[in-house]
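Please consult the sequence and structure shown here.

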Amino acid sequence: MNGRARLGFKAWMLLCMVAMIAAPLLTAVSESAVVTAAEEKLDIVASQVSASSYQPDSNYVPANVVDGSMDIESRWSAKGEGEWLQFDLLEQREITWLQIAFVSAESRASIFEVQVSDDGTHFSTVLERTNSTNIEGLQPFVIAEPANARYIRIVGYGNTSNLWNSYTEVELYDGMPPEIEEPEGPGEPGDYDEDELQPEFEIVTVADAAQLNEALAGAEPGTIIELEDGAYSQVGPFVVEDKHGTPGQPIIIRAAETGGASIAGSAYMIIRNSSYIHVEGLQFVNAIGPSEEVPNPGLALENASHISVLRNRFALDESGQNESAQSHFMIVEGIGSHNRIAYNEFGPKSKIGAVLAYNGDGEAISQYDVIEYNWFHHTGPRISNGLEAIRLGYSGLSLSSGFIKIQYNLFESADGDPEIVSVKSSDNVVRYNTFLNSQGQVTSRHGHRNSFYGNFFINEEGKSGVGGIRIYGNGHRIFNNYMEGLTFNAIHIDGGVYDAGPDGTGTPIVYNAGDQNNPELVEVNLNELKADDPEAWLAIMRGHWRVYDAQVYNNTIVGSTSGIIDGGRTFASVNTLVANNLIFNNFGRMYEQLSGSRNCERGSGASWMYTAGQCTVYAGNMAYGSAEAYHSQVPKSEEQIDIADPLLVRGSDGLIRLSAVSPARDRAIESYSPEYDMDTELRYAPDVGADEFSEDKKANGPLTRDQVGPYGEAEKRGGLSGLSLSEGTLNETFSSEKLFYTITLPNPTHELELVPTAYGSDAVITISLNGEEGAVVASGDASEPLSLIRGNNKLNIVQIGVQRGGEAVNYTIVVKRG
């Protein structure tokens with residue numbers, strides 16, 4: 001083929017014997033392997049590469065794998081088992097081996113197999129499912145027997161960390177495959193002492209503004225700038241610009257004592273075009289700025305990524321603020337990503353401007369940020385608009401995705417704005433937060449596909465105007481929320497003025513004039529309108545958009561003045577699901593359908609209203625109390641809303657829960673139920689409402705002040721609290737924050753039992769020895785005896801805490817014999 005002589009198959013096999021010994025179908029190069037090959041690389045152009053899919057809203061297209069670049073931004077990525085990357089060789093060709101460059105190969109193994117086909121329809125596997133190795137760059141894989149085919153398909157099965165298949169380059173070869181000399185073995189775990197692998201840090205102590213500026217200008221990876229107690233004031237900002245730490249050696253700006261150093265006067269801080277910067281333990285008490293100037297924040301992130309803002313206090317001086325100028329305590333601008341804002345105190349705040357504002361760059365906002373364990377408190381008095389605790393984007397950015405998590409925060413007396421948290425972007429999560437005595441609602445004001453679950457909305461004071469959740473847009477999920485004592489709308493699936501269709505990004509039908517039975521409709525292309533008339537485009541983006549495909553399920557609402565409300569404006573919701581909710585109220589209406597929704601069920605609305613087949617679906621709900629159970633022109637059946645006493649009790653944690661004999665037990669429609677309840681406990685035969693009945697101690701619950709803010713301790717709930725041994729000694733005192741240990745055992749010792757204890761009673765703990773499959777151990781129980789091998793042994797203890805969806809905590813222990 002191609003005018004080159006071929007070896008006979010037997011001779012070819014003899015030359016490949018070394019490669020075949022380690023694996024019958026495939027050999028992968030390891031970090032210390034030696035590769036020798038007569039390269040016969042096949043020429044492939046972009047048009048010959050296709051894929052089952054690629055990452056939405058990205059440029060990670062299949063053609064990137066043949067562009068000659070191994071830059072991470074030039075890759076193909078697709079999520080899920082069975083996603084494939086295919087090469088059309090245009091004719092039957094022989095393939096004997098291939099090379100693949102994997103994203104993050106040094107930290108995870110990608111799983112894949114190779115298939116071939118003559119017709120592009122019927123495929124056979126020539127390389128069984130295998131794993132990549134932990135080296136960067138191209139990794140060679142040898143096929144046991146040459147394959148002749150037109151189509152070559154790499155089928156991915158995710159990686160050892162998640163389900164993403166991500167390759168930067170792929171090369172296909174015929175001719176003699178490489179000879180791979182494998183190392184004798186994986187080596188002994190624990191060959192290095194932990195101290196040998198610690199990164200180096202340089203501590204620079206500063207005592208005034210001039211020294212701080214000098215230290216910031218000279219900061220490099222591994223620099224710790226430590227601020228002695230006192231006020232740091234100057235005219236203008238302290239700037240961190242074009243500075244980049246690394247994951248192991250970030251640049252750290254911290255107070256010597258938490259709360260001891262203050263950014264004050266006319267100073268503030270900007271972190272611009274930088275990454276891996278930590279800001280810890282400071283107080284931002286600086287003045288907002290003279291009224292004639294643009295108000296200063298305390299801290300601004302601009303095009304910054306991997307920034308950690310940890311255990312700071314934001315309580316800016318607003319006395320000089322212009323009443324008409326919005327000011328923010330913290331701003332995140334530009335197109336950064338993966339920032340963490342945690343354990344901070346924000347408040348009090350009384351003047352206009354969101355406490356924490358995400359402003360983006362005009363096209364998108366920072367992505368994959370996490371906002372957690374913060375204390376937002378005492379905003380107000382109430383104004384009509386502009387004093388949110390968190391504003392996530394704005395109307396012009398609403399169709400861009402943030403993938404931001406707002407979780408485990410305490411919002412206390414956050415009364416400043418009707419929208420406590422205002423989500424104005426897409427694909428975000430608001431979960432496990434506590435909203436205590438806070439006037440207003442959490443609102444998905446603009447954007448699509450946002451999720452709200454596991455939150456606690458509690459009104460202890462009987463304060464007026466304390467509400468729950470309100471939504472506009474498409475694809476939102478509201479579940480497992482607990483709401484008690486609310487005096488405003490608990491869950492409101494509001495109506496819309498603008499209709500953007502079920503995908504939310506097409507041509508909206510805009511309601512301009514007339515009444516709801518005789519409206520004037522104008523079709524507008526958003527993209528064209530943005531170019532031709534930005535002000536008119538922005539007016540539509542700021543409007544209330546019709547709700548499509550919302551799901552409201554397994555929520556509990558008790559002792560409140562309202563329940564679940566559907567509708568209220570011109571365009572009622574489409575394809576809404578209301579299922580498995582539990583409401584016990586003595587005031588107002590528990591389930592209420594307004595104007596358009598009732599027209600839908602009647603099937604007699606105007607022509608622009610959606611048809612009866614798109615009405616809100618009610619299923620598996622319960623209602624009880626002296627309040628009106630439902631308000632609608634169409635009666636509800638028992639299967640839709642069961643009116644029955646749920647026999648609730650107030651638990652030891654102060655929340656109203658199901659009793660052991662509640663008729664809500666095992667009554668939820670399973671296909672609509674989430675996997676976990678509001679306590680992050682597994683649902684078995686699912687119960688109605690947010691709570692799954694359990695006799696065990698509750699793992700999740702409303703947050704208190706001692707768990708959040710600069711001195712909060714909630715983070716400890718995600719790790720082990722203790723570790724004891726049946727034999728030997730742990731060489732260092734156990735700490736939940738330290739992840740690497742050594743155990744010394746007397747010689748000879750052949751078995752070892754461990755007793756791990758977790759902060760959460762329902763924690764899932766697995767113990768694995770020398771890479772074998774892990775065994776589950778209950779918190780506080782002894783493991784099964786672990787049989788040790790000669791030499792050093794490596795133990796991994798993985799504790800998945802009560803915070804579902806968070807990262808697992810992995811402790812590594814090397815076992816040695818003394």
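Q: What makes a pair of atoms a polar contact?
A: A polar contact is a pair of N or O atoms within 3.5 Å; within protein, one must be able to donate a hydrogen and the other to accept it, and residues adjacent in sequence count only if both atoms are side-chain atoms. The model is predicted, so local features need pLDDT of at least 70 and side-chain atom pairs pLDDT 80 or more, while totals for chains, interfaces and linings use all residues. Residues are numbered from 1 along each chain as its sequence is written, and side-chain values use heavy atoms, with hydrogens and water left out.

Q: What makes the approach of N459 to G485 a polar contact?
A: A polar atom of the N459 side chain lies 3.1 Å from the backbone oxygen of G485. The limit is 3.5 Å, and therefore the pair falls within it. The side chain of N459 also reaches the backbone nitrogen of G462, at 3.2 Å.

Q: Why is N459 called buried?
A: Its relative accessible area is 8%. Buried means under 20% (exposed is over 50%, partly exposed in between, with a 1.4 Å probe and protein chains only), so N459 is buried. In the protein chain, 56% of the 818 residues are buried.

Q: Where is N459 placed, and which residues does N459 touch?
A: N459 is in the loop between β36 (456-458) and β37 (466-471); strands are DSSP runs of E, at least two residues, numbered from the N terminus. Leaving aside residues up to four places away in sequence, N459 touches N437, V466, E484, G485, L486 and T487, where contact means heavy atoms within 4.5 Å. The C-alpha atoms of N459 and E484 are separated by 6.4 Å, although the two residues are 25 apart along the chain.

Q: What makes a space a cavity, and how many of 30 Å³ or more are there?
A: On a 1 Å grid over the protein atoms alone, a cavity is a set of points where a 1.4 Å probe fits but cannot get out. The structure holds 3 cavities of 30 Å³ or more.

Q: How is the lining of the largest cavity divided?
A: The lining residues, which have an atom within 4 Å of a point, include R445, H446, Y472 and W545. They divide into 4 nonpolar, 6 polar and 1 charged. Asp, Glu, Lys and Arg count as charged, so R445 belongs to that class.

How values were computed:
1 Å grid on protein atoms, 1.4 Å probe; cavity = no way out; pocket = protein on both sides within 12 Å on 5 of 7 lines; lining within 4 Å. Points joined across faces, edges and corners; volume = space filled by probe spheres on them. Helix = DSSP H or I, 4+ residues; strand = E, 2+ residues; numbered from the N terminus.
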